[in-house]
Amino acid sequence: MKAILYEAFSAPPKLVNLPDPTPEPHGVVVEVRATGVCRSDWHGWVGHDTDIVLPHVPGHELAGVIAAVGRDVTRWRVGDRVTVPFVGGCGHCAECHAGHQQVCDNQFQPGFTHWGSFAEYVSIHRADLNLVGLPESLDFATAASLGCRFVTSFRAVVDQGRVSAGQWVAVHGCGGVGLSAIMIAVAAGAQVVAVDISEEKLALARALGAVATVNAREVDDVAGAVRDLSHGGAHVSLDALGAVATCVNSINSLRKRGRHIQVGLMAGAESFPPVPMGRVISHELEILGSHGMQAHRYDAMFAMIAAGKLSPEKLVGREISLEQSIDALMGMDRFEGVGVTVVTEF
């Protein structure tokens, strides 16, 4: 199979030919029809993820068709159209038994714990627990774009943030995660304030329903601007980027008893932000993380898509070839482009 492989962290990946994978007894092999290029892949490529063993094939936002099935799999057949959460559960630990596969004690992640979807084929473990069947109405590029950013935002807004109609939601960072969160919060009836340093991304945020925007490059006190626009502060605020500045601004954007949701990964020098704990205490704020979404929660998201409340296809930006994913991956830290970049040509 053709695949993208890197042999050292931060070294340019290469397009190579590798043996096709075979399914684990409990798994399947998926023929990849689309895979997103995500900042999490960039974190892995530069060496922020300790699960990665070199050489490595990245990629974790995927959709495709089952090409081979392990002997112990009962729910899936060759030819089924599927996607998968970027965090898979083992099915045996206490968290999995409680339905929290996104924080499984023995979790696996294609593109991190084993070779991923920047390839023609990818092996998926524990298929009966973790695979998600795709509605026929959902194209592969859109389905792949859901894989990490959209589903993480869905759980962050709906499950962790508990956003309801009429509330104010602030979204700090309008990349794929942030734009997804804006769309989902608007669908929930919230009023959204979007924050970014790019006018192009802020324009798309407004097109997706944000009622106000803040250009953090032009405003000295971002949190104060959000509190003014939301008449006292956001009920829920998300750091959708994963940086010290966006994390602290998100917390400081909240009204009393508000909820901060950390969605963006914080790695390297950004790993330990100086949390304004005095404000957290005096305002009785909640600080919550959001780490993907379980396979069994996809139906709620699919229902909103089918009803026309969510239109994730609007977030798909560029469609590129597998070879072009090399430059797209290495350039993720420049935050260029708008929307989600998806590999659709293999």
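Predicted model: local features only at pLDDT ≥ 70, side-chain atom pairs only at ≥ 80, totals over all residues.
**Entry 1**

I started with R257, which sits in strand β12 (residues 254-262). R257 is not a glycine, yet its phi is positive, about 65°. It counts as exposed, at 57% relative accessibility. My cut-offs: buried is under 20% relative accessible area, exposed is over 50%, and partly exposed is in between (1.4 Å probe, protein chains only).

Residues are numbered from 1 along each chain as its sequence is written, and side-chain values use heavy atoms, with hydrogens and water left out.

I then looked up R162, in the loop between α4 and β8. R162 is another non-glycine with a positive phi, about 50°, and it is partly exposed at 41%. P55 belongs to the loop between α1 (39-46) and β4 (61-69).

**Entry 2: helix α7**

Which residues of helix α7 (residues 222-229) are buried? I noted V222, A223, G224, A225 and V226. Their cover includes β8 (168-172), β9 (191-196), β10 (212-215) and α8 (244-252). After α7 comes H231, with a positive phi near 55°.

**Entry 3: the cores**

Next I checked the largest nonpolar core, which has 51 residues. A nonpolar core means buried Ala, Val, Leu, Ile, Met, Phe, Trp, Tyr and Cys residues joined through side-chain atoms within 4.5 Å. V169, I182, L238, M301, F302 and L310 touch the most other members. Helix α4 (residues 140-160) gives the most to this core, ten residues.

Leaving out residues up to four places away in sequence, its contacts include A156, V157, V169, H172, S250 and I261. Contact means heavy atoms within 4.5 Å. There is also a second, separate core of 21 residues, with Y6, I326, A328 and V343 among them.

**Entry 4: rings**

How many aromatic pairs does the structure hold? I get two. Rings of Phe, Tyr and Trp (its six-membered ring) pair if their centres lie within 6.5 Å; planes under 30 degrees apart are stacked, over 60 edge-to-face, and the rest tilted. Y6 and F9 are tilted, because their centres are 6.4 Å apart and their planes at 55°. Y6 is buried at 0%, whereas F9 is partly exposed at 33%.

Y298 and F302 are edge-to-face, 5.8 Å centre to centre with 65° between the planes. They are four residues apart in helix α10 (residues 298-306), so about one helical turn separates them. Y298 is buried at 1%, and F302 is buried at 11%.

**Entry 5: one more contact, and a helix end**

I saw that R81 lies over the face of F140, 4.5 Å from the ring centre. The rule is NZ of Lys or CZ of Arg within 6 Å of the ring centre and within 35 degrees of the ring normal.

Last, I looked at S282, in helix α9 (residues 277-282). S282 is exposed, at 51%.

Conventions
Helix = DSSP H or I, 4+ residues; strand = E, 2+ residues; numbered from the N terminus.
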